[in-house]
Amino acid sequence: VSVMLQLPLVVTTQVDLVLVLVSLLAFWTRLSRLSSPNAVVFDEVYYGQFVSLYMKRVFFIDDSGPPLGHMIMALGAYLGEFDGNFVWNRIGAEYPSSVSVWSLRLLPAVCGALCVPLVYLLTLELKFCHLSALGASALLLLENSLIVQSRFMLLESLLIFFVLVALLSYLKFHNHPNSWFRYCWLLLSGASCAAAVGVKYMGVFSYLLLVGVASLHTWNLIGDRTLSVCVQCVCRAVCLLVVPVLLYVFWFYLHLTLLHRSGPHDQLMSSAFQASLEGGLSRITQGQPLDVSYGSQVTLRSSASQPIPCWLHSHKANYPIRYENGRGSSHQQQVTCYPFKDVNNWWIIKDAGRQELVVSSPPRPVRHGDVIQLVHGMTSRFLNSHDVAAPMSPHSQEVSGYIDFNVSMAAQNLWRVDISNREAESESWKTIMSEVRLVHVNTSAVLKLSGVSLPDWGFRQLEVVAEKLFKAHSSSLGWTVEEHRYGTSQEQKEREAELHSPTHIDVDRKMSFWAKFLELQWKMLTVKQEDSEHKYSSSPLEWITMETNIAYWLHSSTNAQIHLIGNPVSWGVAHLSLLAYQLLAAVYLLRRRRGLKDLPDGVWAQFVCLGCVCVGGWLVNFVPFLLMEKTLFLYHYLPALCYLHLLSPALLEHTHTHLHARTLYPVLHRSTHQLSASQLQALKWRDSWDILYRRR
C-alpha cells in the first residue's frame, strides 16, 4: 500500500504547441467580428426561415436534406434568445438590434474553426510527420473559401467538421489494435457519420468511403487466427452500420417532436400527417368520426395531388357538347379536382340498395369490397363514368355527375371500395387513415387524377378520369377522406345548410412516429422543388479551374462586399497534388507488377492509405455531381477540396523522403480592408469572376 500511495502524486502531460497555435488562429479567423456584416448574407435568407420555424415549433420540410444541421443552427439561435420574429425575405436585409447575429453564426463558425486542428491530427493518424500536419492545417486555415463559408449561418462547415471527426476517430481505432478503449473511437466514428448525413445528404459520400475502408480492413483481419473474427465483425457492424441508422432516425424524432404545430408546408403531407399537427387541418378534423359509414358526408383528397393538394369536386356546369378538336362529350355535369377548400368538395356515401342519405343508428361502416354510390352534396348528382372519352385524356373514360337526358345513356354510378393499405379483408374505411381506390363496377376502371388542367370552360381545374387498372400508375389512384361528418338531413335544402356547418364527434386519433418518419422520408426524396438557373450556379468542371465565384453580400452604399472564391495558389497546389499522386501511383503499380518494389511494405501501405482517404474522398465527393441535374454552386466542392488540402503536404513529405524532391510551400495572402473600384478591378484575376462595383 505504501508503494502505491507514494507522494507527491504527479501528473505528466504533453502539449503540442503547434496544434494549440493553429487552433487559436483558426478560432481567430472564424470568430473575430462574427456579427459583421449585420445583414443577411446569401443563403442565410434560406436557412434563417427554418431557424425561425424551429423557434416557433412550426412544422416544415426541407427537401434538400435532413434536419440536424437546421437544429444545430437553431440551438445557436436559442442560446441567443432569438424568438423567430424576423422576416427572411431578401439578401442584404439588416438585422434588428433584437437579433443576436453572433449567436446565429456561432456554431457553424466553431465547427469551421475546429476543422483546422482536426486536419492536423488526421495527418498524424495517417502516419505523416508534424511538419506535414502543420502544412495541411495551414492550407485549411488560410483557405478563404472555407473561412467565408464558416463565418455565416450555412451548413458546409458543419458537414466538413463531422466528416473529419468520423475519419479521425476511425483511424485512431484502426491504429491502436491492442486497446479496448479504441471501440469508443469506433463508436464516435459511427455517430459522426450519422451526424454528417444528418446535416446534408452529401455526407453519404464520405460515409460510404469510410465503410469501404473499414470493410477492407475487416477483410484483412479474417486471415488473422489470433483474433476473434466474429467479435471484430460484429463490433464494426454495430458501430458503423447500426448506430448511424439509429441516430439518423433519432434526428428525425427530435425534428418531429420539436415541430408539433401546423405550418406553411403542411400541404405537402398526407391528411393523416396534417391532422397530427396542432392547428391547421387538425382544427378542422378534430373530433371527426373515425369510420366512414353509409350516409357520411366526406371530402376526398387525391393522393396524387402533390405538391398542391386537390379534392374531388363538382359544380353546376356541364362538359361542352363538342370539344375544340371535334370530339363529343356526354354533356353531363363536370367532375374535377379543385385545389381549394370549397363546399362543392363534399360528397355523400350512399348505399346502392337504399334511398337514405343520412347515417343510421347505429352507423353502418363501409368496408373493403363494398359497392357504393357517391352523391354530390350541393347538386345531388351521382358520380358516374361510362365509355365516353375524357376531355383532355381521350384514352381514359370521362367522369361526370350523371344527368338523364333521355338519350339512351343509362346511369353507371356504382363504385367498389378498394382499401389499398388495409390490414384485413373486412377492414372498415377510416377517416384520414385509409387510402382507397374507387373501382367503377361496370367498366373496372379506377377513379384517378390525370393532373391535366381543363380549359376555360372547366375553370382551369384539374381533370379527373377513370382508367383501366393495368394502365394507371398506382400512386395516382388513391383517395383519402379528409373532412368527415355524419349526415343527418335527408332533404336537399336542409342538407345544403348542413354542409356549411359541420358537426363533430369526439374521437382520439394519432399517427405513429414511424408512419410520420417514413412519410417524411418519402416526401424528401420525391417532392422536389423545380430547379431554376441561378446567376451564380456553376458546373463541377468550373470548380476545378476556378472559373466561378459567388457574390454573397454587397454593402448598401459602398463597395464593401463578400465573395465565396477559392485561393488560386492553394487550389492549384491541391489539384497538382491530385494529378501527381495518380501518376506516382501508376508508376509504382507498374514497377511492382514487374517485381520492382521501390517502397518498403510499411511505406507502401501508408501511401495506399493516403490515396484511399484523400484521393478516394475527393472522388466520392466530386464525381457524383457530374451526374446530377440539380442547380450546383461552388460551395458544393468544399468537402472534396478539404481532402486535397490533406493530400498535398503528405504527398510532398512522401516525395521528399522517398524520392528526394524539393518541398514546395504555397504562399497565401488575405486582405480585409475596404477597396476602391480600381483596387477591386485589379483583383479580378479571371474574366469569368463577377466582382461587384458600387456606382457613385
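This is a predicted model: local features need pLDDT of at least 70, side-chain atom pairs count only at pLDDT 80 or more; totals for chains, interfaces and linings use all residues.

Residues are numbered from 1 along each chain as its sequence is written, and side-chain values use heavy atoms, with hydrogens and water left out.

Start with the annotations. An unreviewed UniProt entry lists "transmembrane region" at residues 7–28, 102–121, 128–147, 153–173, 204–222, 234–254, 569–590 and 602–627. UniProt positions are given here in the numbering used for this model, feature names are shortened, and annotations may be inferred rather than shown by experiment. Residues 102–121 are 100% helix and 0% strand, with end C-alpha atoms 28 Å apart. Residues 204–222 are also 100% helix and 0% strand, and their end C-alpha atoms lie 27 Å apart. Helices (H or I, at least four residues) and strands (E, at least two) are DSSP runs, numbered from the N terminus.

The unreviewed entry also lists "domain: MIR" at residues 289–352, 363–420 and 427–484. Residues 363–420 are 0% helix and 40% strand. The end C-alpha atoms of that span are 23 Å apart.

Now take a helix pair. Helix α1 (residues 17–31) packs on helix α5 (residues 130–142) at an angle of about 5°, with axes 10 Å apart. The axes are lines fitted to C-alpha atoms over the stretch in contact, and angles run from 0 to 180 degrees between N-to-C directions. The angle therefore makes α1 roughly parallel to α5, a label for angles under 35 degrees. Contact means heavy atoms within 4.5 Å. On the α1 side, the contact uses V18, V22, L25, A26, T29 and R30. They meet L134, S137, L140 and L141 in α5. By class, this contact has seven nonpolar, two polar and one charged residues. Ala, Val, Leu, Ile, Met, Phe, Trp, Tyr, Cys and Pro count as nonpolar, Asp, Glu, Lys and Arg as charged, and the others, Gly among them, as polar.

The backbone deserves a look too. Most residues other than glycine have a negative phi, and most peptide bonds are trans. R33 has a positive phi, near 50°, and sits in the loop between α1 and α2. P37 is found in the loop between α1 and α2 (44–55), and a cis peptide bond joins S36 and P37, with omega about 0°. Another cis bond joins S361 and P362, again with omega about 0°. P362 lies in the loop between β4 (346–351) and β5 (371–376).

Grid points are joined across faces, edges and corners, and a volume is the space filled by probe spheres set on the points. The count comes to four cavities of 30 Å³ or more.

The largest cavity has a volume of about 70 Å³. Its lining includes R30, G112, L140 and C642. Helices α4 (101–125), α6 (144–150) and α7 (156–175) each supply at least two lining residues. The lining has five nonpolar, four polar and two charged residues.

The second largest cavity has a volume of about 50 Å³. Among its lining residues are F60, D62, H255 and M524.

Note on methods:
On a 1 Å grid over the protein atoms alone, a cavity is a set of points where a 1.4 Å probe fits but cannot get out, and a pocket is an open set with protein on both sides within 12 Å along at least five of seven lines; lining residues have an atom within 4 Å of a point. Angles under 35 degrees count as roughly parallel, over 145 as roughly antiparallel, 65 to 115 as roughly perpendicular and the rest as oblique.
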